Amino acid sequence: MADLKQADPSSVEAARAGNWIRDLLKEVSALLERTKELLANSVSMFQRQETKANDGEVNQMSNYEGLFHEYKGLPGGIIQSFHAIQNGVGYLTEEAMLAAAKVFGVPAKDAYEVASFYSYFSTKPRGKNIIRICESAPCHVAGANEVIAALEQELGIRVGETTSDGKFALEFAECVGQCQDTPVITVNGKPFGKVSAGSVGEILAQF
Amino acid sequence: MPQELRIVLRNVGKIDALKIDEYLDAGGYKPLEKARSMPQEDLIREIKQSGLRGRGGAGFNTGQKLEFTFRAAGDQKYVICNADEGEPGTYKDRVIMQGDPQAVIEGMAICGYAVGATRGYIYCRAEYSYVADILKAAIAQAKEKGVLGDFEVEVCLGAGAYVCGEETALIESIEGRRGEPRCKPPYPPVSGLWGKPTVVANVETLANLPPIVEKGSEWFSGIGAPAYPGTRVLTLTGDVVNRIFIEAPTDTTVREVIYDFGGGIPGGKKFQSVQVGGNSGALIPESLLGAKIAFDAMAAVGATLGSGAVFVLDETRDLRDVVCRMARFFEQESCGKCTPCREGTMRIADICEKVSVGKGRAADLALLQEIGEMMAIACFCGLGQAAPTPVLTAIRHFDLLGGKGCA
């Protein structure tokens, strides 16, 4: 670097400003690189999730169609087939719904209407183990709020969310018909009764 | 001291639900044999005369329903068991299906013979998938034993929608669509599943049929309240010592249910209110506890027998909070098809929320009254028509703006 002490004041200022701008640009450039990195990571995370979710039999349009044909003649056909897909993949992918519409001979919006109507179906990826907390009046007065708070704290998420490791999803549910043991939660459809803030940990440990 | 009378629950806890031989040893499938030896009109008359009325909540005479279906024209008829037990606080049908699934299947086969239906479906809610497994095993055993004759039964799973307890919404669901109710008339006995004559009956109603056929209509009609004979299976929840299920004759009073069978209020606290019939039931005060657990007797005091859930609240409960939670249930479960329900349940829930945080005013109560009355007339199905009941009865019998212990 030139000996600034010998240069005149205005060009010293200019040089300092120039250096400051150059450093700033370096920082911005580094930040942009970091942002690119983060975006690339989340895209590949999503892709990994999709791939993980699509492991097994139902990972292609043709396999979806095969499954739907199995259910075509059965009562509640499309609904039963959606249950089967969810049991495998965890949620109803757009691919699945379009394939269902094709096989069951209904407009695509009908497949989506069914998927979006029933509380058991999800059109978004969610955690592998679905925890449902009953919030109907009998469980509510038995202390469901404390259970909700304990679960949110234990899992580090709010109701409606999925844990970052994809292991648990937390959802509200209405009465699951186990009212002799209020408050009740279910995990993957299996009921757990007389749940308290203290017993939440040991229930989660089973999964 | 009132006693239980276990007709519906006759085998529950006494036989292994997954061993059809035990059901047969207990006399199972003899009623179906007897039914099949009678002319259909005679069988239907017998069931009509027994006075058996639907145990799902609507209370329609079962024999009359069978007669409509029998008389309707159709090349194929169906029997549907409504096992979509979604009413909060209710698990009686689960107890019946888990404890004595063959009783339900036999009841369906009796209906099938009566109306000329050879196919039956048990619509089982998704929350009871473990019950569906029991039903499927029981059906397979019955088929293997050959006791069902030409009657074929299948299980069809729901997917989490309270509205599918409504018979036409249930039918829509079996047909693979959104569970949105249909316009009635035509009623299912005339045009139901895939447009064919269909009997839709509750689990408990069906489990009553084998004993009625076996012991006769006179026996059954002599039990309990004359206009609504027989028994009801009740599930007790909330602030009650014994959170159990019982089966009692229909001339038992609500007071007897809570204090004799239920053991009263725990912790020595005072009674505030009880909601009979599930989330859509009326909240009634102590003064009305003398009402019998029969359909008309409850209706006469502005209450509901409904699903037989008995949800007790002690003096410490803030009714504003409980009513708000009940209102949010209906907002959640409204199918969205008709505007008065879709919008009405939302508005009621929002106003109840406002009341529950102490910001309610008399004008809010007046508005709730207006919305409720509108919904009772304008809503397309029973969900919307009954949804305002908890909040309207809370306003009628209690000081809803008052707060904790506001009896």
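Which residues have the most contacts inside the largest nonpolar core? Select Ile80(B), Cys81(B), Val104(B), Ile122(B), Tyr123(B), Val310(B) and Val323(B): these have the most contacts inside that core, which has 181 residues. A nonpolar core here is a set of buried Ala, Val, Leu, Ile, Met, Phe, Trp, Tyr and Cys residues joined through C-beta atoms within 7 Å. Buried means that 20 or more other C-beta atoms lie within 10 Å of a residue's own, with C-beta atoms placed from the backbone.

The model is predicted: local features need pLDDT of at least 70 and side-chain atom pairs count only at pLDDT 80 or more, while totals for chains, interfaces and linings use all residues. Residues are numbered from 1 along each chain as its sequence is written, and chains are lettered from A and ligands numbered from 1 in the order in which they are written.

Next, select helix H6 (residues 101-115) of chain B, which supplies the largest share of this core, 10 residues. Helices (H or I, at least four residues) and strands (E, at least two) are DSSP runs, numbered from the N terminus.

Now centre on Val310(B). Leaving out residues up to four places away in sequence, Val310(B) touches Leu234(B), Thr235(B), Leu236(B), Val257(B), Ile258(B), Val274(B) and Val276(B). Touching, or contact, means that the C-beta atoms, placed from the backbone, lie within 7 Å.

Then select S7(B). Eight of its eight residues are buried, so S7(B) is largely enclosed by the rest of the structure. S7(B) runs parallel to strand S11 (residues 309-314) of chain B, joined by four bridges; Gly238(B) has Val312(B) as its bridge partner in S11(B). Five bridges join S7(B) to strand S8 (residues 245-249) of chain B, and these two run antiparallel. Thr235(B) is bridged to Phe245(B) in S8(B). S7(B) and S8(B) make a hairpin with six residues between them.

For the interface, show both chains: 39 residues of chain B are in contact with 29 residues of chain A. Strand S3 (152-157), helix H8 (167-174), strand S7 (231-238) and helix H13 (319-333) of chain B each supply at least two residues of the chain B side. H13(B) gives the largest share, six residues.

Finish in chain A, with an open sheet of four strands in the order S2-S1-S3-S4 and mixed pairing. Strands pair if DSSP finds at least two bridges between them. The edge strands are S2 (168-173) and S4 (190-192) of chain A.

Note on methods: Contact = placed C-beta atoms within 7 Å. Buried ≥ 20, exposed ≤ 12 C-beta atoms within 10 Å, placed from the backbone.
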